Amino acid sequence: AQKITQTQPGMFVQEKEAVTLDCTYDTSDPSYGLFWYKQPSSGEMIFLIYQGSYDQQNATEGRYSLNFQKARKSANLVISASQLGDSAMYFCAMREGLNTGNQFYFGTGTSLTVIP
Amino acid sequence: DAGVIQSPRHEVTEMGQEVTLRCKPISGHNSLFWYRQTMMRGLELLIYFNNNVPIDDSGMPEDRFSAKMPNASFSTLKIQPSEPRDSAVYFCASSLGGGNSPLHFGNGTRLTVT
């Protein structure tokens, strides 16, 4: 089974609107971290936001927030007030366990286009 | 703090030549990862190290690929001999240990094998 599933290959959003990018994960480890990355057309991978499996509150970083639904094993990224610069690929990732040396599992990504 | 540093940024080589990609992780990070990204296959984990020791190299496509981490501040990914299908962007990334530590990526090396 896929560890990380992103079912939306492409998404469009109107500038200044909010958009939700879906991510579901699969793990039997009670301890894990969930991450979102942005990859603009220039190619670099930018870390956006982190959610820990034991965190009681949804993570927020500026216009980014993570809608964490543990029972559903989903970790959707919400971008509020979209800007043209938000157009990019977005990757969801998971790291299991609290031990040193575990690998990261990445989804296939969602391409977001912000329409002016 | 300097981020993950990769060199070269771009590499164009002919089929059959040896290619060496280099990476300097963030100081203090003890996990290092090599990824390959293509349009067809997306982001693939090739190999990762923990405390300079290779942990999982199951993603290395074949024996033509090898990776080393002789010390905590340097790693190489070598392809010998290179083939056109190796053309991709190769990312190096580093992280502290622990599930709550994000992965920090270098800017990548764009490899073109003609």
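The model is predicted, so local features need pLDDT of at least 70, side-chain atom pairs count only at pLDDT 80 or more, and totals for chains, interfaces and linings use all residues. Residues are numbered from 1 along each chain as its sequence is written, and side-chain values use heavy atoms, without hydrogens and water.

Chain A gives 20 residues to the contact and chain B gives 23 (heavy atoms within 4.5 Å). The buried area is about 1600 Å², with 58% from carbon and sulfur atoms (accessible area lost by the two parts on being put together, 1.4 Å probe, summed over both). On the side of chain A that touches chain B, the elements giving two or more residues are β5 (32-39), β6 (46-52), β10 (88-96) and β11 (104-106) of chain A (strands are DSSP runs of E, at least two residues, numbered from the N terminus). The largest share, four residues, comes from β5(A).

Over all chains, the structure holds 14 aromatic pairs (ring centres of Phe, Tyr or Trp, the last by its six-membered ring, within 6.5 Å; planes under 30 degrees apart are stacked, over 60 edge-to-face, the rest tilted). Y25(A) and Y32(A) form a tilted pair, at 5.1 Å and 50 degrees. Both Y25(A) and Y32(A) are buried (under 20% relative accessible area, 1.4 Å probe, protein chains only). Another pair crosses between chains, from Y37(A) in strand β5 of chain A to F105(B) in strand β10 (residues 104-105) of chain B. Their planes stand at 80 degrees with centres 5.6 Å apart, so the pair is edge-to-face. Y37(A) is buried at 0% relative accessibility, and F105(B) is buried at 10%. Ring pairs also link a cluster that includes Y37(A), F47(A), F33(B) and F105(B).

Terms used. Chains lettered and ligands numbered in written order. Buried < 20%, exposed > 50% of the residue type's maximum accessible area, 1.4 Å probe, protein only.
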